[in-house]
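Have your viewer ready and try each task before reading its solution.

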Amino acid sequence: MTAAELKEKIRSLIPQVYSNKQKAENAAVEYDELTKFPELKAVIIDLLTSDFDSFLSSIDWVAPRPTTFRINLKNDQNFYLIWSTRSWIAQVEGKKYYLLNLPEEQRAAEAIARILKYGAKENIDENQPIENPSAPEEFPLEPELPEETSLEA
């Protein structure tokens, strides 16, 4: 690769980098917590990329000490980001990932991707009867009680 090719490649990459950064800035305005806590925005971008707005429903500040945020996803799942003195801690489905270490950050991103795959919760109507399609006809869901017989001698 010559110097001219390298310069041309860098010129083509610069607009892409700035467009991703600008997209993240525009999406962050929607969430108050991201404007109040810029470190939180950096962590969310690390975990969810600059397209985080496609996946987030809301961000709740749930505790002042240690500073804890609930990240609500659009599929009604959530995870927590906790600020400690050294680093951020992501708590996904009860498991804690210390984001100071790159392997744990990658595992946290994989765990978030896993809960994003779950999809939205189904709404179950409580008034609708439950049907068991796997029950055979010969074994009904409700057992038949034997008729009472009288013992006359």
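A charge counts as sitting over a ring if NZ of Lys or CZ of Arg is within 6 Å of the ring centre and within 35 degrees of the ring normal. Keep in mind that this is a predicted model.

**Exercise 1.** Find the ring over which the charged end of K95 sits.

*Solution.* Start from the charged end of K95 and look for a ring centre 5.1 Å away. The ring is that of Y97.

**Exercise 2.** Classify the aromatic pairs that F69 forms with W61 and with W88.

*Solution.* Step 1: the whole structure holds five aromatic pairs.

Step 1: W61 is partly exposed at 45% relative accessible area, whereas F69 is buried at 0%.

Step 2: F69 and W88 are 6.2 Å apart, centre to centre, with 40 degrees between the planes, and this pair is tilted. F69 belongs to strand β2 (residues 68–73) and W88 to strand β4 (residues 88–92), so their pairing ties together parts 19 residues apart in sequence.

Step 3: widen the view. F37, W61, F69, W83 and W88 make up one aromatic cluster.

**Exercise 3.** Which element gives the most residues to the largest nonpolar core?

*Solution.* The core has 24 residues, and L40 is one of those touching the most other members. Among the elements giving two or more residues are α3 (38–48) and β1 (56–63). The top contributor is α3, with five residues.

Conventions
Residues numbered from 1 in each chain as written. Predicted model: local features only at pLDDT ≥ 70, side-chain atom pairs only at ≥ 80, totals over all residues. Heavy atoms only, no water. Phe/Tyr/Trp six-rings, centres within 6.5 Å; stacked < 30°, edge-to-face > 60°. Buried < 20%, exposed > 50% of the residue type's maximum accessible area, 1.4 Å probe, protein only. Helix = DSSP H or I, 4+ residues; strand = E, 2+ residues; numbered from the N terminus. Core = buried A, V, L, I, M, F, W, Y, C linked by side-chain atoms within 4.5 Å.
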